[in-house]
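Trainee: Could you show me how to read aromatic contacts in a protein model? I would like the general idea and then the case at hand.

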Amino acid sequence: MDTRTEMGGALLSQADWRVVLSCPLFGALPAEKTRRLIAGRRPMLVEPRRQIFAQGDRAKAFYVVLDGWVKLYRITAAGDEAVVGVFTRGDSFAEPVMFLDGRYPASAEAASAARLLEIDASGFDAAMTDDPSLAVAMLASIVSHTDRLAEDVAGLKLLAAPRRVAGFLIRQTDARKGAITIVLPHDKALLAARLGMTPETLSRAFAALGRFGVEVRRERVAIADVAALCAYADVDARGSGGEGA
């Protein structure tokens, strides 16, 4: 049964286009080609805990996260849920279906209210047939995306937990000054897993960021001074300093 909500009424906003064009999946494509490929598509609105697709479903589309959180998980032989991926704004998932005619190997569920761009695999396949350079570019993008993920994982091991969290928070917004509020998934274990730490370490990291005006209120994170948090995270980006979790 399809448990997704209907498409949103509005087309992609300028902010949505910035997210799409910055997505690693489309990084190897000229912006005008990406715009032609997905022009006219409307965001999909998904409520928290709603399933996007189920493990074993026919793979028909891949997705870009415009807002919110999505978790990818498998059900083990023992009936337990094993989270295999957590995705948020600017991430893409299920894109290998462009090249594989099969079924989804895992289930996807909205971990928070989410807005997604759904891209039909068959239509994308037809576009690649008409323009072979598109397939080459997409494969190059996926390989590059995989390399960047490996680098990110290696980098996380070298960063103290508060700085990992600070860097993550500033990537969730275009703002670079002033005060903002960021909405996280209800299940903090998902965020902890994404950042390579335990939920307890995540809590301590948020507490350590209090001196930069970061305050956690359930699933909302209020940042009083984005510029100060950016400066703190940028120290890490230059490889300077560090502090324990």
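Predicted model: local features only at pLDDT ≥ 70, side-chain atom pairs only at ≥ 80, totals over all residues.

Trainee: How many aromatic pairs does a search of the whole structure find?

Mentor: The search turns up seven aromatic pairs. Take F53 and F93, whose ring centres are 6.2 Å apart, with 35 degrees between the planes. Planes under 30 degrees apart count as stacked and those over 60 as edge-to-face, so this pair is tilted.

Trainee: Which parts of the chain does that pair link?

Mentor: F53 belongs to strand β2 (residues 51–53) and F93 to strand β6 (residues 92–93), 40 residues apart.

Trainee: Is F53 buried or exposed?

Mentor: Buried means under 20% relative accessible area. F53 has 5%, so F53 is buried, and F93 is buried too, at 1%.

Trainee: What about W69 and F168?

Mentor: They form a tilted pair, 5.5 Å centre to centre and 45 degrees between the planes. W69 lies in strand β4 (residues 69–75) and F168 in helix α5 (residues 161–171), 99 residues apart. W69 is buried at 2% relative accessible area, and F168 is buried at 1%.

Trainee: Which residues do ring pairs link into a cluster?

Mentor: The cluster is made of F53, Y63, F87, F93 and Y104.

Trainee: And where does the charged end of R35 sit?

Mentor: Over the ring of W17, 4.7 Å from the ring centre. K71 lies over the face of Y73, 5.3 Å from that ring's centre.

Definitions and conventions: Residues numbered from 1 in each chain as written. Heavy atoms only, no water. Phe/Tyr/Trp six-rings, centres within 6.5 Å; stacked < 30°, edge-to-face > 60°. Helix = DSSP H or I, 4+ residues; strand = E, 2+ residues; numbered from the N terminus. Buried < 20%, exposed > 50% of the residue type's maximum accessible area, 1.4 Å probe, protein only. Lys NZ or Arg CZ within 6 Å of the ring centre and 35° of its normal.
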